[in-house]
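Dear colleague,

I am handing over the structure below, and I would be glad if you could look through it before reading my notes. The notes follow directly after it.

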Amino acid sequence: MIAVIALAMLLFVADHAGAASGRQPPPPGAFKGAPSQLTRFTTAELTRGFLALAFGSDLRIGAAPVGIRRFDRPIQLQIIPGGSVDRTAAMRRIVEDYASRVPGLQLSLAAEGAPADIEVRLIDEKNFRAALQAAFGVNVAKAFIARTDPQCMTSVKSSVEGVILSSVTFIIVDKGDAVFLDCAYHELLHAFGLSNHDQKNPWTTLNQNRMVGYLTVYDSALLTVLYDPRIPPGMTRARARAALPAVIEDLKLAVPARGR
Ligand SMILES: [Zn+2]
């Protein structure tokens, strides 16, 4: 789930077959029972997923967003430990996974207590409602919970030009490995700017009918596109749609249309 906040603007998103091919088992570190993944996609499959996930969100407060939302600077992420199960080291590994797989994020862990672009708060489920209220106020928390019945959540504050100013993510640590891993990988995608869900997309972690719990080839490709200089903050959907095929092909993220 997610909330996106612009200057006078808040967006929220809640959670819980084509020609793609190249099936692979889940990677080491995935939870028991995690789904396998497809690893080869066409330009059309990546374009469709990107347009569905980079625009829109569950709940918005403030002005309508103009287009793409993402950071326009190296991203510093701060993990704020908490909860009854210590997941700090696991969370750190997830951040390192994103940083190495998607270099365009320029993602690194902030020193303890240093200002950060993304704050990841590890909490127990019983404190989730109170944490949301403390962060966003009683009314926003109530509206979000009523609308989405969330388990984890992210709020994204962006400028009206589409530059993300800061993100805050709440991850539940005391409901087992699967919930933690699924939340952590899913919510970070929101925090970086993929703020929507797509319940019809069988490849993304941002399909709320799936639990994935690792960074799939598909989602890492979408993030790589989002952080390409040719897809700047504020880019409209129409311009993104026109630009995406050349960007995806140039980055060699798709398999060629023939010979698959
Ligand atoms: Zn979500």
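**What was found**

The model is predicted, and local features need pLDDT of at least 70, side-chain atom pairs count only at pLDDT 80 or more, and totals for chains, interfaces and linings use all residues. Residues are numbered from 1 along each chain as its sequence is written.

E4 pairs with strand E5 (residues 107-109) in the parallel sense over three bridges, where pairing requires that DSSP finds at least two bridges between the strands, and Ile75 stands opposite Leu107 in E5.

Turning to the helices, H1 (residues 43-53) and H6 (residues 217-226) pack at an angle of about 70°, with their axes 10 Å apart, the axes being lines fitted to C-alpha atoms over the stretch in contact and the angles running from 0 to 180 degrees between N-to-C directions. H1 and H6 are therefore roughly perpendicular to each other, a term that covers 65 to 115 degrees. Leu46, Gly49, Phe50 and Leu53 in H1 meet Tyr218, Ala221, Leu222 and Val225 in H6, with contact meaning that C-beta atoms, placed from the backbone, lie within 7 Å.

For the chain of 260 residues, 43% count as buried, and it holds seven helices (DSSP runs of H or I, at least four residues) and eight strands (runs of E, at least two).

Key: Parallel < 35°, antiparallel > 145°, perpendicular 65-115°, else oblique. Contact = placed C-beta atoms within 7 Å. Buried ≥ 20, exposed ≤ 12 C-beta atoms within 10 Å, placed from the backbone.
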